[in-house]
Amino acid sequence: MDNETKREIIMENYRHPTNRKRTDDALYKKVNTNNSSCIDNIDIYVKFKDNIIEDITFEGEACAISISATSIMINNLIGKTKEEALDYIHNFYEMTNGNDYNEELLKEAIVYNDIYKQGNRKTCATLPFRGIEKAIKESIN
Amino acid sequence: MNRDDFPMLNHDIVYFDNSATSLKPVSVIEKMNDYYRNYSANAHRGDYDLSFKVDQEYENTRELVKEFINAKCLEEVVFTSGTTEGLNMIVNGFFANLLEKGDEVLITTSEHASNVLPWFKLVETLGIEVNYIPLDKNYYVTMDNVKKAITNKTKVISLAGITNVIGDKRPIKEITKYAHDNNIFVVVDGAQMVPHIKVDVQDLDIDFLAFSGHKMLGPTGIGVLYGKLELLEHLEPINLGGGMNESFDSPEEVYLKPLPIRLEAGTQNIAGVIGLSEAIKYLNNIGMDNIIKREHDLRNYLIDKLLKIKYIDIINLESDSGIVAFNVNNVFSQDVAYYLNKYNICVRAGSHCAKILKSAVGITNSVRVSLYFYNTFEEIDNLVELLSNYDKIVSEMI
């Protein structure tokens with residue numbers, strides 16, 4: 001994917017993110033995720049139906065990378081089983097650490113495939129994934 | 001101004017984050033290196049020449065600090081790791097033993113976390129109350145508001161001398177006068193004040209003052225706690241151990257050394273203390289009046305230029321120091337900082353450790369440019385040029 005396409009996908013997801021809304025429905029589990037070194041701060045609301053992630057919404061304040069990554073994450077995780085989601089998250093981390101990963105699985109999330117070169121932005125991209133990972137693991141335990 | 005003295009400025013950066021920490025002149029760096037290379041021994045163990053030399057240098061810094069802030073005596077100057085430790089010592093070593101349930105401490109919403117959280121802890125442990133002196137429309141503290149906020153329960157007013165987001169200077173002298181007439185103590189967080197303006201603790205009649213070395217050209221990990229002698233005598237050491245005791249045979253028979261050593265337990269940050277002496281000499285050589293004048297000139301220049309950019313909102317149009325906080329419309333502050341970083345311009349984005357300020361200002365974060373005397377008009381031109389192209393900001397912020 002060329003840099004201009006990556007930029008367009010990131011900006012589109014930043015400007016018009018999927019499901020950016022607070023959810024008060026008690027069926028949703030809320031997790032907060034934030035970066036200690038900066039000001040990104042997002043609440044993620046996730047609804048499980050049995051083993052399936054049925055819905056995810058979010059609200060909060062964060063940079064373009066964090067917001068777009070949250071939107072892309074939501075687009076890709078809704079409908080997945082918890083195990084599939086954890087596998088997706090694992091592959092995302094591998095990519096942001098500069099390791100081998102399943103490109104096909106991550107779909108448009110590969111727009112962040114260079115981010116491992118920018119230490120201060122890696123935490124922005126992984127922010128929503130750390131939040132949802134926590135929610136999924138807590139729901140399993 | 002004096003740029004050749006700062007090795008960091010050879011790294012092709014524009015450093016606009018001086019409220020976070022200042023750059024160090026070569027004299028400070030070399031002074032510390034000299035200690036580590038040539039007389040690296042412990043202090044207060046003067047049985048041999050090297051250690052005696054350490055004592056001399058260490059205590060010479062205390063003398064310089066005393067003169068710098070015009071303390072009455074050396075006993076009033078205690079070395080700490082920084083403002084945070086100083087404020088925690090004041091709150092936990094002095095006020096925790098004095099305040100009682102229902103007593104009130106007044107702060108403001110624009111205080112740094114270090115002047116908020118230690119007091120919040122006493123709310124939990126002692127049942128004191130923390131209340132806020134309202135800020136005016138420019139986020140300033142006025143005497144009127146101080147007087148209105150004081151109640152018959154008020155025991156302490158604890159304020160930054162200059163704040164770290166707005167950069168406003170508080171009317172400390174007027175506050176201490178009024179507070180003392182009403183038997184109220186005044187604690188001053190000097191982290192952003194002491195590096196920028198002349199502070200005379202006697203003239204201001206401050207009861208306690210804490211500040212950091214690293215924001216005033218000095219090393220990290222070194223700071224100063226000042227207290228009026230009669231108050232400091234009652235400040236109980238949080239740290240007990242080596243160096244600060246006179247003798248101990250049993251729990252009932254522990255005798256502590258006099259001030260200020262009593263409050264400096266354990267091996268201190270000797271290199272930091274010694275390095276701080278050069279920082280103070282450096283500031284004295286320039287002159288504090290020249291420093292604040294230079295900062296005002298730079299700030300006014302920056303503000304004039306930013307005002308011409310329609311999509312930039314300046315948060316603190318009024319300010320007494322070199323701090324300018326602003327936002328670019330519809331761009332998250334961190335993205336602005338990231339964009340500027342691509343051009344080696346260092347600014348801070350965020351809430352700047354003043355997390356309760358958002359309730360007063362109504363915005364949670366901003367881009368902060370904090371200037372010091374070594375910044376230049378050319379650097380400001382460079383910043384303004386980058387901020388003058390909205391499309392460029394948006395296209396290069398990710």
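B:Glu85 is buried, with 20 other C-beta atoms within 10 Å, where a residue is called buried if 20 or more other C-beta atoms lie within 10 Å of its own, exposed if 12 or fewer, and partly exposed in between, the C-beta atoms being placed from the backbone. The structure is a predicted model, in which local features need pLDDT of at least 70 and side-chain atom pairs count only at pLDDT 80 or more, while totals for chains, interfaces and linings use all residues. Residues are numbered from 1 along each chain as its sequence is written, and chains are lettered from A and ligands numbered from 1 in the order in which they are written.

B:Glu85 belongs to helix H3 (residues 83-94) of chain B; helices (H or I, at least four residues) and strands (E, at least two) are DSSP runs numbered from the N terminus. When its neighbours within four places in sequence are left aside, B:Glu85 is in contact with B:Thr80 and B:Gly223, two residues being in contact if their C-beta atoms, placed from the backbone, lie within 7 Å. The C-alpha atoms of B:Glu85 and B:Ala210 are separated by 8.4 Å, although these residues are 125 residues apart along the chain.

Chain B as a whole contains 14 helices and 15 strands. The radius of gyration of chain B is 22 Å, close to the 21 Å that the globule rule gives for 398 residues, so chain B is as compact as a globular protein of that length; the radius is taken over C-alpha atoms, and the rule is 2.2 Å times the number of residues to the power 0.38. The C-alpha trace of chain B spans about 75 × 55 × 35 Å along its principal axes, and 48% of the 398 residues of the chain count as buried. Among contacts in chain B between residues at least 6 apart in sequence, 71% join residues at least 24 apart.

Chain B is divided into domain 1 (26-285) and domain 2 (287-396), with bounds that come from an automatic or database domain assignment. The C-alpha centres of these two domains of chain B lie 29 Å apart, and 22 residues of domain 1 are in contact with 23 residues of domain 2. The side of domain 1 that touches domain 2 comprises ten nonpolar, eight polar and four charged residues, where Ala, Val, Leu, Ile, Met, Phe, Trp, Tyr, Cys and Pro count as nonpolar, Asp, Glu, Lys and Arg as charged, and the others, Gly among them, as polar.

Strand E6 (residues 185-189) of chain B is mostly covered, five of its five residues being buried. Both faces of E6(B) are covered, with B:Phe185, B:Val187 and B:Asp189 buried on one side and B:Val186 and B:Val188 buried on the other. Strand E5 (residues 154-160) of chain B pairs with E6(B) in the parallel sense over five bridges, strands being paired if DSSP finds at least two bridges between them. Within this pairing, B:Val187 in E6(B) is the bridge partner of B:Ser158.

The contact between the chains takes ten residues from chain B and nine residues from chain A. On the side of chain B that touches chain A, helix H11 (333-341) and strand E14 (348-350) of chain B each supply at least two residues, and by class this side has four nonpolar, five polar and one charged residues. H11(B) is mostly covered, with eight of its nine residues buried, among them B:Asp335, B:Tyr338 and B:Tyr339. In the loop between H11 and strand E13 (345-346) of chain B lies B:Asn344, which has a positive phi near 60° in a residue other than glycine and, with 12 C-beta neighbours inside 10 Å, counts as exposed.

Two further loops of chain B carry backbone features of note. B:Leu217, in the loop between strand E7 (208-212) and strand E8 (223-227) of chain B, has a positive phi of about 80° although it is not a glycine, and B:Leu217 is buried, with 29 other C-beta atoms within 10 Å. The peptide bond from B:Leu259 to B:Pro260 is cis, with omega near -5°, and B:Pro260 is found in the loop between strand E10 (253-256) and helix H9 (270-286) of chain B.
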